Amino acid sequence: MTFEAKTFYKSLINVVGPIAIQNLIAAAVSSADVIMLGFVGQTAIAASSLAGNIQFMLIMVATGTSSGLIMLAAQYWGKKDIESIRTLHGIALRISAIFGFIFSFAAMFFPHLLMKIFTDEASLISTGSKYLRSVSFSYLLFSVSQVFQAGFKSIERVKIVTIMTTTALSLNIFLNAVFIFGWFGLPKMGIVGVGLATTIARFIEFVFCLIYAKTQKDVKFRLSNVFRTKKVLTLDFVKFSLPALGNELVWGGAFAMYSVILGHLGEDIVAANSVVSTLRQLCCVLCFGMAYGGAVVLGKTMGSGDLVLAERNAKRLIFTTLASGLLGSILIICLKPVLPLIAELSESAAHYRDLLVYINSFSIFGAAVNTVLICGVFRAGGDSKFGFIIDLISMWFVSVPLGLIAAFVLKLPPIWVYFILYLDEFEKMPIVIIHYLRKKWLRNITRDM
């Protein structure tokens, strides 16, 4: 291995390792939620899964905004332009906080309306509404924390982000148990306890972000940055980040639509999907960490002006991500015997669960290919518009219509509807690969201030 390759892989490990650990802990929290709610009942599992789509959509907003910040800030970090990074942080903070407030307000005051989007079963609507109210304030806290963490990541302070989220999420797991089972003399709160635990953990995470921002000297990330503005950077942020935000919303909205379709096919398929999804998250932590972490490493190289090195490193990033995606595909099948231990399901739901494992194994590798290219390589060079367009077409004009037709016109069995929906990664893959080979993503997008 050459010195150049060793340098790249060292940088990649330093960034990706903490991100992968962070994703692993997040997936562990989801798994813990499912396991603990299994003691409450299958309805609680299904309701939390459907209600979780609201937070999932907010995560897509936060990820899109954070990706825009990282996309630009990582390149300015390569250029050592600190003032521009602070201004970009303020722009991202304004956008994310607005969305966080909207989601919190809707979850607090209109939870029944939100749940009716995903299901028409009264028991799921009632149970899910209780959860949404209890978790509502966490949405605003999460939105602000994510922007701070994206700022830290963009200047390669990834380890501290991992420490923050690991601490907060570990606390979340502990508090889940406390509130669900009524430890220390507290009443058993069931699904409401899950929402309350999440809110407390998000508050702790938010406080950690503010404390570290106060002590960290390289770039002064402050809440006051929200008042910083510069027309040229604002226009650049809009140009490069809005397509990334749109991409995440299109992708996340389509997945939420998948849940809407499945939610109208019965509680069994929803509960089965909830259990398998937790396992999928665990098996994807490395390849998704590679994709998003690689964007920081590649962006810094492009910002420094060395595009030849950036192209070689992109190839290395793709290879390592595909290897981790293949590992994830194999791992989810190997862990299939563990699933019955996570939650007790009805006979029908258990049958669906076992079949979904194989569909997700197939899907994980396709997701690894597309994610490393769209969210890693392309965004590192500011090319976020392509991902928005390709996901819009493949998911909203192909997969969602096909799923609706399969479910409500042809009335196919739920498992076939699920399979059709999860073909989306392979529908867009050829076009994504062609776009990579054209190299339009390979560019320095910084400005001389």
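Visitor: How many residues of helix α14 (residues 414-421) are buried?
Guide: This is a predicted model, in which local features need pLDDT of at least 70 and side-chain atom pairs count only at pLDDT 80 or more, while totals for chains, interfaces and linings use all residues. Residues are numbered from 1 along each chain as its sequence is written, and side-chain values use heavy atoms, with hydrogens and water left out. Helices are DSSP runs (H or I, at least four residues; strands are E, at least two), numbered from the N terminus, and buried means under 20% relative accessible area, exposed over 50% and partly exposed in between, with a 1.4 Å probe and protein chains only. Pro414, Ile415, Val417, Tyr418, Ile420 and Leu421 are buried in α14, and the helix is thus mostly covered, the count being 6 of its 8 residues.

Visitor: Which helices do the buried residues of α14 pack against?
Guide: Contact here means heavy atoms within 4.5 Å. The buried residues of α14 pack against α8 (231-263), α9 (267-303), α12, α13 (385-409) and α15.

Visitor: Are α2 and α5 roughly parallel or roughly antiparallel to each other?
Guide: Axes are lines fitted to C-alpha atoms, for helices over the stretch in contact, and angles run from 0 to 180 degrees between N-to-C directions; angles under 35 degrees count as roughly parallel, over 145 as roughly antiparallel, 65 to 115 as roughly perpendicular and the rest as oblique. Helix α2 (residues 42-79) and helix α5 (residues 122-154) pack with their axes 8 Å apart, at an angle of about 15°. The two helices, α2 and α5, are therefore roughly parallel.

Visitor: How many charged residues are in the contact of α3 with α5?
Guide: Helix α3 (residues 82-109) and α5 pack at about 175° with axes 8 Å apart, and α3 and α5 are therefore roughly antiparallel to each other. Among the α3 residues making the contact are His89, Gly100 and Met108, and those of α5 include Arg133, Phe137 and Phe148. Ala, Val, Leu, Ile, Met, Phe, Trp, Tyr, Cys and Pro count as nonpolar, Asp, Glu, Lys and Arg as charged, and the others, Gly among them, as polar. The residues divide into 14 nonpolar, 6 polar and, as the charged count, 1.

Visitor: Which residues does Gly100 touch, not counting residues up to four places away in sequence?
Guide: Gly100 is found in helix α3 and, at 0% relative accessibility, counts as buried. With those residues of the chain set aside, Gly100 touches Leu58, Tyr139, Leu140 and Ser143.

Visitor: Is the pair of Phe152 and Tyr212 stacked or edge-to-face?
Guide: Rings of Phe, Tyr and Trp (its six-membered ring) pair if their centres lie within 6.5 Å, and planes under 30 degrees apart count as stacked, over 60 as edge-to-face and the rest as tilted; by this rule the count comes to 19 aromatic pairs. The rings of Phe152 and Tyr212 have centres 4.9 Å apart and planes at 90°, so the pair is edge-to-face.

Visitor: Is the pair of Phe362 and Phe426 stacked or edge-to-face?
Guide: This pair links distant parts of the chain, with Phe362 in helix α12 (residues 347-380) and Phe426 in helix α15 (residues 424-438), 64 residues apart. Phe362 is partly exposed, with a relative accessible area of 39%, and Phe426 is partly exposed at 27%. The ring centres of Phe362 and Phe426 lie 4.4 Å apart with planes at 15°, so the pair is stacked.
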